[in-house]
Structures are given as structure tokens and as C-alpha cells.
Amino acid sequence: MNKQRELWIDAAKGFSIIFVVMGHSGDAAANHYLSWFRMPLFFILSGLVFKPVDSCRYLGWAAKRTKGLMTPYAAYGMLIATVLLLFSFNFRDFAENIARLLYGGLSLTGPYGVFWFITCLLFTQLLFGYIVRYPMRTQLLLITAAYSLSHLISLTSLHTFNLPWNIDVSLLAVTYYAVGYYGKKAIPALIRRRITLPLLLPLCAGVFALERAGMIHYSLNMKYKEYDAVVLDLFIPLLVSLTICAGVYWLSRLFPLQWLGNLGRNTIAIMYLHLPVNYALKYLLGADYGLVPFTLVGVGVPLLAALWISRFPVLSRLYLGHHGGSRPAVSYSERTAVRSSVSPGD
């Protein structure tokens with residue numbers, strides 16, 4: 001599988017992180033429509049490159065995944081808390097920020113507003129990594145149960161309960177993650193077909209037009225557990241995500257999208273820093289600014305920071321979750337060393 005064909009995954013992640021930044025700009029319309037798919041797309045793409053681990057190695061793998069995701073979580077969290085302390089010298093607020101970081105979930109607001117995603121991603125990976133040890137039928141039953149339970153929580157007063165680290169949101173996220181994993185072969189094959197994008201674009205536009213016309217009412221907010229449309233919560237995010245993937249794939253065939261792939265390989269820094277950087281700039285300017293400046297600042301400054309950090313192995317491990325240097329295009333091919341007992345139903 002050549003690098004050009006793998007570039008689209010990182011490029012799609014690049015678009016996804018741009019959509020995340022745009023959604024936090026304060027533009028209500030942008031946030032409403034982008035929230036339909038920006039987080040599901042991340043989980044689908046993550047599932048697409050997931051490699052199952054043998055059950056006897058699960059604990060070691062889980063420890064490694066936890067360390068890989070939570071080290072930057074702690075590093076960025078302490079960095080932001082320390083900067084706020086230097087400006088305010090309020091040690092009580094500093095202690096409260098650390099407590100919020102430890103608990104996570106809905107208590108994370110302001111410059112920490114997106115930290116919930118990392119812990120949710122971690123629990124989603126750990127949950128799915130455990131599920132795939134079972135036969136395919138059991139896997140599908142467990143994922144269906146998780147999806148149903150997530151909507152039961154959303155439709156009751158339980159959705160206001162703040163579980164640590166947004167653990168309960170993983171019940172929904174694991175479905176999107178599973179779509180990516182089970183579609184490891186089907187999704188690339190589908191988006192490579194020339195007819196796919198011309199078919200998906202009108203469908204996608206039709207859904208947005210129906211919502212704009214008030215013929216359907218749809219919203220999705222994973223952090224706050226606002227997902228109450230059992231069918232549409234699967235159909236709409238998947239439809240839009242596939243459309244984006246197909247569009248990015250064909251763009252990568254026509255134009256050099258290495259810059260966008262590089263953006264997709266540095267989503268962690270942009271995820272953590274786009275809110276603090278923009279909050280700081282708004283504070284210095286004493287005014288809000290629009291969608292485009294917010295997005296340019298929120299993407300550009302963290303990306304430059306990530307490129308600088310990648311030159312130093314210690315800082316890279318702390319803030320980027322890897323050892324630094326350039327990183328190859330991501331691959332969605334199966335790992336041949338995985339034994340058949342990992343997923344007996346495949």
C-alpha cells in the first residue's frame with residue numbers, strides 16, 4: 001500500500017482538527033453543523049488504524065496506551081495551570097484547576113474545554129481493545145448494547161451526571177470507533193470508487209438542507225451527552241464522514257496534500273492549545289474576533305509549536321506523545337503478527 005493512498009487518513013484528520021477549532025470560535029451556526037461529525041470522524045479514523053492486540057498482551061498494551069495519551073494530558077494541563085497561576089498568583093484557582101484535571105469530564109471548561117476528548121478516546125480504545133478478543137457475533141452484540149445504553153443515558157436525567165473522564169461517552173464513541181475498524185477494508189475500497197463522491201455529496205447536501213428547512217431537527221454534542229436520535233446519530237455522522245474521506249482521498253490524488261497530512265499528524269498539539277492560545281490573544285486584544293482569525297490562530301500557532309517541540313525528544317514525549325522527528329504516513333493495513341484468536345469471528 002503506497003504512501004499516497006495512506007496520506008488521505010492523515011489529511012482527513014487534518015480537516016477534522018480544523019473543524020474542531022472552527023466549532024470553538026463562537027460561531028453558533030458553525031458549531032451546530034460541525035458538531036454533527038467532527039468528533040465521530042476522529043473516532044472513525046482512529047478505529048480505521050486500530051491494530052488488535054492478543055488477549056494475553058492486553059494489560060501491557062493498555063498500560064502503554066494510557067501512558068501515551070495521559071502523559072500529554074498531564075503535561076498540557078500543568079502547563080496551562082502554571083501559566084494561569086503566573087498571571088493571577090491565585091493558588092486556590094491553581095489547586096482547583098489541578099482537581100478538575102484529575103476528575104475530568106464535564107468539569108473541564110474554559111482553556112481545558114477539549115481535554116475531555118483525550119480521556120474519552122483512551123477509554124474507547126481500551127474498551128474496544130477488550131471487545132475484539134471475542135467472536136464477531138459477541139463483538140457486535142456488545143457494541144450494540146453500548147450504543148443503546150449511551151442513548152438511554154442521554155434520554156434520561158443520567159446525562160447530567162458528571163462521571164470522571166467522560167467514561168460514559170465512550171459507550172457512544174466505541175460505535176464510531178468500531179465502524180472505522182470493521183470498515184478497514186470496505187471504507188478505503190468505497191472511497192476509491194469514482195462514483196462514490198458524486199453519490200455522497202448530494203445526500204450530504206440534502207441532509208443539511210432538510211435541517212435548515214426545519215424538516216428534520218438534529219444535533220449532536222458528545223461531551224454533554226446530547227445524542228437522542230438513535231438512527232440519525234449513526235446515519236448522519238457516518239454519511240458526512242464518508243463524504244469527507246472520499247473528498248480528501250480524491251484531493252490527495254490531484255493535489256499535494258502533504259501539508260494537510262502533516263497537520264493531521266500534529267492534531268494533539270492543536271487539540272490542546274487552540275483554546276488557550278485564542279483565549280490569551282483575546283485577553284491581550286481585549287476583544288473577540290471572528291471565525292477565520294480564530295481558526296488561523298488556533299491551527300497555526302499550535303502547529304508551529306508542535307514542529308518546534310518535535311526537534312527535542314524529551315519535549316516530544318511530554319507534549320506530542322512520541323519521540324520526535326518526522327513521522328511516516330499512517331497505515332490502515334492489518335498487522336500480520338496478530339493471531340486469529342484476537343478476533344475469532346473475522
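1. A polar contact is a pair of N or O atoms within 3.5 Å; within protein, one must be able to donate a hydrogen and the other to accept it, and residues adjacent in sequence count only if both atoms are side-chain atoms. Here's a case: the side chains of Ser 150 and His 151 make one, at 3.3 Å.

2. Before going on, note that this is a predicted model, where local features need pLDDT of at least 70, side-chain atom pairs count only at pLDDT 80 or more, and totals for chains, interfaces and linings use all residues. Numbering runs from 1 along each chain as its sequence is written, and side-chain values use heavy atoms, with hydrogens and water left out.

3. Back to Ser 150. Is Ser 150 buried or exposed? Ser 150 is buried (under 20% relative accessible area, with a 1.4 Å probe and protein chains only), at a value of 0%. Leaving out residues up to four places away in sequence, Ser 150 touches Leu 171, Leu 172 and Tyr 227, where contact means heavy atoms within 4.5 Å.

4. Now the cysteines. How many disulfides does a search of the whole structure find? The search turns up 0, a disulfide being a pair of cysteine sulfur atoms within 2.5 Å. For Cys 120, the nearest cysteine sulfur is that of Cys 245, 19 Å away. The sulfur of Cys 204 is 11 Å from its closest partner, in Cys 245, so that is too far for a bond. Cys 120 is buried at 0%, and Cys 204 also counts as buried, at 8%.

5. Lastly, confidence. The chain averages a pLDDT of 91 (the predictor's confidence in each residue, from 0 to 100). Be careful with residues 334-346, where pLDDT is below 50.

Terms used:
Buried < 20%, exposed > 50% of the residue type's maximum accessible area, 1.4 Å probe, protein only.
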